[in-house]
Structures are given as structure tokens and as C-alpha cells.
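Visitor: I'm new to this one. Could you show it to me and let me ask a few things?

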Amino acid sequence: MTIEILATFAIGICLLIGAFFMLVGVIGLLKFNDPMTRLHAPTKISTMGVGALLLASVIHSYTFGNGSAHQLLVMAFLFVTAPISANFFGKVNIHCGSCETPPPPAQDKTWATLDVPEADREIAEQKDA
């Protein structure tokens, strides 16, 4: 077996894995009814699906054509930005009250953005008014 045949099998497997993860992400996005549970489908599962599709593209470009770092850069950017956007979406859902508020921490009352420290309460009240 040559390297091209092995690469073709690897590309096919990566495409199948990517398509499966993307399908699971779409089903999760449609089936979940709570915004916080719906958040996991595009940010976790679909990210892995796109990562597998990009890996297939990397294997193809380095085996059959001129290799390029563009796919690797896109993959790195995707895996860095997906958790950050998930964090922002979660914070927006918590602040808008569209989901259940998380329980308060045991010791510290100012660990999250839900509670304002005593020194900043006057500023927060002016913003609300």
C-alpha cells in the first residue's frame, strides 16, 4: 500500500467522523430546549466535527497537493475561540435571566459577575437607574 492509499483512507475516516459530529451537534441544537444546554451542541460537538473536517483537508493538501498552513491556522483559531464564545453566551443567558441562576459559592460572594462588591454597589445602582 502506498502513502496515497493510506491517506485516502485517513481522509475518508476523518470526513465520516466530522460528518457524524456535525450531525450530532445539529440534532443537539434542535432538541435541547434550554439555552444553556443548547449552548453545548455548537460549541463542543460541532467544534470537533469541524476539526475533523479540517484534519481531512490538511491530510489531503499535504498528500496530494502543496501543503499549506492555512487549515492548521483555522483549526487553531477555532479551538481557541469556541470556549471563549461559549463563556460569553453562558454569561449573557445568566444575566438576562433566561436560565436558572447557578448556586452561590460557599465562601466568596464576589467570585462571579452576578454579585457586586460592596465598594462598587453605588456605581452599579447608578447604571441600573
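Visitor: How far apart are the end C-alpha atoms of α3?

Guide: Before the answer, a word on the model: it is predicted, so local features need pLDDT of at least 70 and side-chain atom pairs count only at pLDDT 80 or more, while totals for chains, interfaces and linings use all residues. Residues are numbered from 1 along each chain as its sequence is written, and side-chain values use heavy atoms, with hydrogens and water left out. Now, α3 has 25 residues, which at 1.5 Å a residue should span 36 Å (the expected span is 1.5 Å times one less than the number of residues). The distance in the model agrees with that: 35 Å.

Visitor: How many helices does the protein chain have?

Guide: Helices here are DSSP runs (H or I, at least four residues), strands are too (E, at least two), and both are numbered from the N terminus. Along the sequence the pattern reads α-α-α-α-α. There are zero strands, and the number of helices is five.

Visitor: Where does α3 bend?

Guide: A bend at a residue is the angle between axes fitted to the seven residues ending there and the seven starting there. In α3 that angle is about 35 degrees, and the place is S46.

Visitor: Is T47 buried or exposed?

Guide: T47 sits in helix α3, residues 40-64. Leaving aside neighbours within four places in sequence, T47 is in contact (heavy atoms within 4.5 Å) with P42, L78, F79 and A82. The scale runs from buried (under 20% relative accessible area) through partly exposed (in between) to exposed (over 50%), using a 1.4 Å probe and protein chains only. With a relative accessible area of 8%, T47 is therefore buried.

Visitor: Which helices do the buried residues of α3 pack against?

Guide: The buried residues of α3 include A41, T43, S46, T47 and G49. From the α1 side, what covers that helix's buried residues includes α3. The buried residues of α4, too, pack against α2 and α3. For α3, the partners are α1, α2 and α4.

Visitor: How is α3 oriented to α4, roughly parallel or roughly antiparallel?

Guide: Their axes come within 9 Å and cross at roughly 175 degrees; axes are lines fitted to C-alpha atoms, for helices over the stretch in contact, and angles run from 0 to 180 degrees between N-to-C directions. Under 35 degrees counts as roughly parallel, over 145 as roughly antiparallel, 65 to 115 as roughly perpendicular and the rest as oblique. That makes the two helices roughly antiparallel.

Visitor: Where does the kink in α4 lie?

Guide: First, the length: the 27 residues of α4 should span 39 Å, and the end C-alpha atoms are 38 Å apart, which agrees. Still, α4 has a kink of about 25 degrees. It comes shortly before the proline P83, at T81.

Visitor: And S98, what is its relative accessible area?

Guide: S98 is in the loop between α4 (70-96) and α5 (121-128). Not counting residues up to four places away in sequence, S98 touches D34, P35 and N93. S98 is partly exposed, because its relative accessible area is 37%.

Visitor: How far apart in space are S98 and M36, C-alpha to C-alpha?

Guide: In sequence, S98 and M36 are 62 residues apart. In space, C-alpha to C-alpha, the distance is 8.8 Å.
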